[in-house]
Amino acid sequence: MRWEGGRQSGGIEDRRGLGPVGVGGVGVGGVVLALIGYFVFGINPSTTLQAVNGAGAPVEQQQGVQGKVADREGQFVDVVSTNVDDVWTPIFRQAGREYRAPRSVVLYSQSTGTGCGLGQSAMGPFYCPRDQRVYLDLSFWRELEGRFGAKGDAAKAYVIAHEMGHHVQHLLGADDQAQQMGARGATSGSVRLELQADCYAGVWAAHASEVSHGQVALDPSDIEDGLRAAAAVGDDTLQKATSGQVAPDSFTHGSSAQRMRWFQRGAEGGDPAACDTFGASSL
């Protein structure tokens with residue numbers, strides 16, 4: 001994946017090394033397996049849709065450094081998130097709407113305060129609609145590669161584009177649709193929300209080079225890396241790895257096949273209209 005030299009907007013808040021205010025130790029304890037095993041890209045099972053709708057209690061946080069970052073990992077996040085914004089801006093304009101970028105992409109370590117409650121690295125990357133920020137502990141890249149076997153910059157970029165896809169959904173009101181449909185099950189609102197975010201990540205991949213004049217670009221092998229990342233975090237794959245069994249009634253993100261299918265749908269056509277998971281009779 002080509003990205004070095006891509007435009008950086010500086011929409012990063014670097015909180016690495018800073019902890020939340022007035023919160024004790026990071027109480028991951030017994031929830032780590034549940035969070036990593038089932039909700040690598042989301043929130044605790046019991047609060048997934050609460051977080052989607054901003055119902056979690058805010059946690060006060062020391063403010064990090066705003067703007068561009070010096071390290072390569074942080075620059076990668078800046079370039080990709082800026083490119084995702086650059087893809088969605090004209091798409092919204094063509095639909096007669098205004099795209100508003102997330103307030104920031106927050107880089108943190110271990111734990112951080114968010115508008116949706118306490119964010120923890122065990123939760124993986126996530127989006128908080130209440131404060132309109134994406135949260136990312138960069139140690140997740142090692143988890144993505146080592147635990148889930150999803151390697152390469154394109155796999156990381158897929159994660160960022162997926163979380164920013166949740167921001168697009170928030171702007172369009174899709175999180176309200178998910179709430180109305182319920183939280184669990186293979187065709188639940190949560191699954192439809194996550195699969196649509198996968199599709200939106202594919203839309204980004206289709207237009208990344210076009211809006212950056214080739215400074216950010218994915219070739220067919222990069223799309224394959226994105227597909228592998230999507231497959232690695234399917235509910236069925238993760239449930240097999242943690243418990244040896246698959247329970248579709250507990251799905252919140254969709255199966256590996258579904259996640260790959262919707263990402264590919266977005267990547268092949270680049271048309272967000274093809275990402276209507278809420279209107280689809282079959283996922």
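Buried, for this talk, means under 20% relative accessible area, with exposed over 50% and partly exposed in between, using a 1.4 Å probe and protein chains only. The model is predicted: local features need pLDDT of at least 70, side-chain atom pairs count only at pLDDT 80 or more, and totals for chains, interfaces and linings use all residues. Residues are numbered from 1 along each chain as its sequence is written, and side-chain values use heavy atoms, without hydrogens and water.

Strands first. Helices (H or I, at least four residues) and strands (E, at least two) are DSSP runs, numbered from the N terminus. Take E3, residues 104-107. Ser-104 and Val-106 are buried on one side, Val-105 and Leu-107 on the other. Strands pair if DSSP finds at least two bridges between them. E1, residues 12-14, pairs with E3 in the parallel sense over three bridges. There, Ile-12 stands opposite Val-105. E7, residues 133-136, runs parallel to E3, joined by four bridges. Tyr-135 is the bridge partner of Val-106.

Now the helices. Axes are lines fitted to C-alpha atoms over the stretch in contact, with angles from 0 to 180 degrees between N-to-C directions. H7 (residues 189-212) and H10 (residues 256-269) have axes that come within 6 Å and cross at roughly 40°. Contact means heavy atoms within 4.5 Å. In H7, the contacting residues include Leu-195 and Cys-199; in H10, they include Trp-262 and Phe-263.

What about H8, residues 220-232, and H10? Their axes come within 8 Å and cross at roughly 150°. Among the contact residues are Ile-223 and Leu-227 of H8, and Met-260 and Phe-263 of H10.
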